[in-house]
Amino acid sequence: MTKKIDVAEIFGSDVFDDATMKERLPKKIYKELKQTIAVGGELDSHVAEVVANAMKDWAIEKGATHYTHWFQPLTGITAEKHDAFITPTDDGGVILEFSGKELIKGEPDGSSFPSGGLRATFEARGYTAWDCTSPAFVHESPSGTSVLCIPTIFCSYTGEALDKKTPLLRSMEALNVQALRLIRAFGDTEAQRVTTSVGPEQEYFLVDKDTYNQREDLIFAGRTLFGAPAPKGQELDDHYFGSIKERVSAYMNDLNEELWKLGVTAKTQHNEVAPAQHELAPIYNTTNIATDHNQLVMETMKKVALRHNLVCLLHEKPFAGINGSGKHNNWSMSTDTGVNLLDPGTTPHQNKQFLLILSAILKAVDEYAPLLRESAANPGNDHRLGANEAPPAIISIFLGEQLEDVLNQLCEKGEATSSKMGGKLDVGVSTVPSFMKDATDRNRTSPFAFTGNKFEFRMVGSTASIADPNTVLNTIVAETLSQAADVLEASDDPIMAAHDLTKQWIGEHIRIIFNGNGYSDEWVEEAERRGLPNIKNMVDALECLTEENTIALFEKHKVMTRVELTSRQEVGYETYAKAINIEARTMIDMAKKQIVPAVIKYTTTVAQSVAAVKAVGADASVQEKSLAEISANLVALNEALAKLEAATNKAAAIEDPKAQAVAYRDEVFTAMADLRTPADALEMLVDKEVWPFPTYADLLFNV
């Protein structure tokens, strides 16, 4: 029997949220904290002291014995160090304490986190600092021990950001400053803050844990490094939005319950395109909170899966030949008075503020396309972007028929006088009511698509932190909004200046708009004619981080410094090299210890069969042909294995991070593909009972 969940009762029950603060904090303290959250500024120490005590009491009531500053280093995942609430007393006992100082600042060992040269190994000190705009929460443990988690930033002793959260918060502030300037020029005197919001849709695979445990590549690399296609894949489209299997449904129910307790607004769940693939989508939240929540989503997905003897795979391409997993980053910006600045309204052609902001986004995406591409770069995403499936590695923007028509009017006529409407949809069935259509269709192939009142950045990889793409989005849009505000503030007629600037920017950046099929080869050719960059891999994507225009952009808006950008580039090269090195060495290990012995064993059996059949004078041509095919592929595998070992050892000896990453991309990755080809061929020739690990059919259709 399915357990009933009282969603309203449990939602946010493990979060020190606004309602809890209002209940537990003195009214004056609550107001001061809310003021700090709303408009920024330094939190007074006396407020922090009261908040810390209330937070501690609440957490202890929830079963917590420890607290941790929960942060997001450059590993892309979260980190935590647990400290108990206990303080010794003179009589040999303990009391439970948690001070304002402990709430605001922590001091973890920063020496072993990636820093890209910002910190030497012997320089261990780093600081975590409370992000009071993201609520604390209690992480429950099945054992009954819970931990109070306090979302924080992480910086070095010398003040550089060692995490993904700090630049994100800086970028949010930069966009707030410039967006306020712009809307002030349009006469908005009420709004005090502009915030960006994000709703990240998370794709993932579920496989049986017992089957997973037999795949060394899944354990070490998160993806299958060997594997012939199953007889059935996704070609029938029968899994997409199909009936959810009972075992998966039970997992989703438990996942939702865990996330709802943490205040994560898990809203939509469904089967995705590939077999064993699924998706979870939350409701929008402020960008830094959405970033925290997405990390919690990924952690909770993996934790809950184990309870159901499942494993959640978040790798961008766990299986060759079928769709991989992404994370659609739905991005918008709104005022604290409730105005969505990306809402075109019912008559977009008359909404001059929206049209200027839209043109500013076109300009930002066009001019900083390589930077946006880099923000979605990781080793796993190289298998998706510009490779075997969409979205392509080419940045373009889909606007839809309505907005494209408005922009065309501005370019061709000098002004827009009308907007296309959606009209009614009548399906021709009398019992089905007609309803109003949207003003435009959707485009699933576009990497950056306008979807009504937001932009959907579809390039982001499923394992990635959404901090990186949103830091870039916020910063590049802050820059073009800044340029627009400069023009409007200097004009005697800001509205006319806005009209002229909108028309100018649309004309200059119309090349970035593409409403067609982004999957097609024709688009690749067309994009090249337009001069749009096509950056196909992470190593090339990292180049732009240290270009002078990138450094000038981030330093102007105080989001990242030259040294912080340089460090992230170096971390990126190191991350790529380490990921490919692990994959290569895993392939070598599996080939040597599993595939080759299994094939030799089976070859012996077939050879014995040939001899036995010939001994009785029968036709052994079938056995001989099989033996020849297996032997030829085994020889090819052995040669490819030797080449991969040599290439891996050579790349590992390179000291320069960029040169090493290039070697892993050009030599090791190529050698890995050469090894996989004969191995996958052998899988189709060798008896399934002899093959040393589960096949794609076992993995994808066994849940």
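Here are some notes on a few strands, loops and helices in this predicted model.

1. Ground rules. Residue numbers start from 1 along each chain as its sequence is written, the model is predicted, local features need pLDDT of at least 70, side-chain atom pairs count only at pLDDT 80 or more, and totals for chains, interfaces and linings use all residues. Side-chain values rest on heavy atoms, with hydrogens and water left out. Helices (H or I, at least four residues) and strands (E, at least two) are DSSP runs, numbered from the N terminus.

2. Strand β1. Take residues 64-70 to begin with: five of the seven residues of β1 are buried, so the strand is largely enclosed by the rest of the structure. Buried here means under 20% relative accessible area, exposed means over 50%, and partly exposed is in between (1.4 Å probe, protein chains only).

3. Neighbours of β1. Two strands pair if DSSP finds at least two bridges between them. β1 runs parallel to β8 (residues 146-156), with six bridges joining them, and His66 sits opposite Val147 of β8. With β2 (residues 82-84) the sense is antiparallel and there are three bridges; Tyr67 has Asp83 as its bridge partner there.

4. Strand β11. This one is worth a look: six of the six residues of β11 are buried, so it too is largely enclosed by the rest of the structure. Both of its faces are covered, with Gln277, Glu279 and Ala281 buried on one side and His278, Leu280 and Pro282 buried on the other.

5. Who pairs with β11? β9 (residues 194-208) does, antiparallel and over four bridges, with Tyr204 standing opposite His278. β10 does as well, joined to β11 by five bridges and also antiparallel; His270 has Glu279 as its bridge partner.

6. The β10-β11 turn. The hairpin has five residues between the strands, and Ala276 takes a positive phi near 70° in it. Ala276 is in the loop between β10 (266-271) and β11 (277-282), and a positive phi here belongs to a residue other than glycine. Is Ala276 buried or exposed? Ala276 is buried, at a relative accessible area of 9%.

7. Another positive phi. Phe241 has phi near 60°, again in a residue other than glycine. Phe241 lies in the loop between α8 (216-221) and α9 (246-261) and is exposed, with a relative accessible area of 54%.

8. Helix α10. The expected span of a helix is 1.5 Å times one less than its number of residues. For the 21 residues of α10 (residues 287-307) that should give 30 Å, and the end C-alpha atoms are 30 Å apart, which agrees. 16 of those 21 residues are buried, so α10 is largely enclosed by the rest of the structure. Just after the helix, Asn309 takes a positive phi of about 55°.

9. The α21-α22 pair. Axes are lines fitted to C-alpha atoms, for helices over the stretch in contact, and angles run from 0 to 180 degrees between N-to-C directions. The axes of α21 (residues 621-652) and α22 (residues 657-683) come within 8 Å and cross at roughly 165°. By class, their contact has 20 nonpolar, three polar and three charged residues. Nonpolar covers Ala, Val, Leu, Ile, Met, Phe, Trp, Tyr, Cys and Pro, charged covers Asp, Glu, Lys and Arg, and polar takes the others, Gly among them.
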